[in-house]
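Subject: Structure handover

Hello,

I am passing on the structure we spoke about, and my notes follow below it. Please look through the structure before reading them.

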Amino acid sequence: METLTFKVQGSAPEPYTTTFKRDGTNLTAHCTCPAGEVGQYCKHRLNILQGITKGIVSGNEAYVSTVVSWLNGTDVEQALQQVREAEKRFEQA
């Protein structure tokens, strides 16, 4: 199993901890922000999965590309594609 953790500055004074774990083709992500703690949409996880480094304060932004590479062949990759398609339809509406 491989694990990468990032500190991400959100709206709270203390940065949130966003953790990604890969075990074969299984990819999981957790964030300590209020939304992430209850399993809701979390922009901190989504940003990193899309290669966005904005807000990372842990000094390991270079590893975001590693997390992005972990997406290949996972159900998370498929879900992100569905989100992108839905966003495009929303913008067109």
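Which residues in the largest nonpolar core touch the most other members? They are F6, F20, I48, L49 and V67, out of 15 residues in that core. The elements that contribute two or more residues to it are β1 (2-8), α2, α3 (64-70) and α4 (75-92). There is also a second, separate core of five residues, with Y16, C33, A35 and C42 among them. Please keep in mind that this is a predicted model.

Overall fold

The chain has four helices and three strands. Read from the N terminus, the order of the elements is β-β-β-α-α-α-α. The radius of gyration is 13 Å, close to the 12 Å that the globule rule gives for 93 residues, so the chain is as compact as a globular protein of that length. Along the principal axes, the C-alpha atoms fill a box of roughly 35 × 30 × 25 Å. Of the 93 residues, 30% are buried. Among contacts with a separation of 6 or more, 40% are between residues 24 or more positions apart. The accessible surface is about 6000 Å², and carbon and sulfur atoms account for 50% of that.

The aromatic pair

How many aromatic pairs does the count come to? The count is one. The pair consists of F6 and F20, arranged edge-to-face, with 6.1 Å centre to centre and 75° between the planes. F6 sits in strand β1 and F20 in strand β2 (residues 16-23), 14 residues apart, so the pair links distant parts of the chain. F6 counts as buried because its relative accessible area is 0%, under the 20% cut-off. F20 is likewise buried, at 0% relative accessibility.

Setting aside neighbours within four places in sequence, I48 is in contact with F6, V8, T18, F20, I56, V64, V67 and V68. Both members of the aromatic pair, F6 and F20, are therefore on the contact list of I48.

H44 lies in helix α2 (residues 43-49). Is H44 buried or exposed? H44 is buried, because its relative accessible area of 10% falls under the 20% cut-off.

Regards

How values were computed
Residues numbered from 1 in each chain as written. Predicted model: local features only at pLDDT ≥ 70, side-chain atom pairs only at ≥ 80, totals over all residues. Heavy atoms only, no water. Buried < 20%, exposed > 50% of the residue type's maximum accessible area, 1.4 Å probe, protein only. Core = buried A, V, L, I, M, F, W, Y, C linked by side-chain atoms within 4.5 Å. Contact = heavy atoms within 4.5 Å. Phe/Tyr/Trp six-rings, centres within 6.5 Å; stacked < 30°, edge-to-face > 60°. Rg over C-alpha atoms; globule rule 2.2 N^0.38 Å. Areas by Shrake-Rupley, 256 points an atom, 1.4 Å probe, with all protein chains shown as cover.
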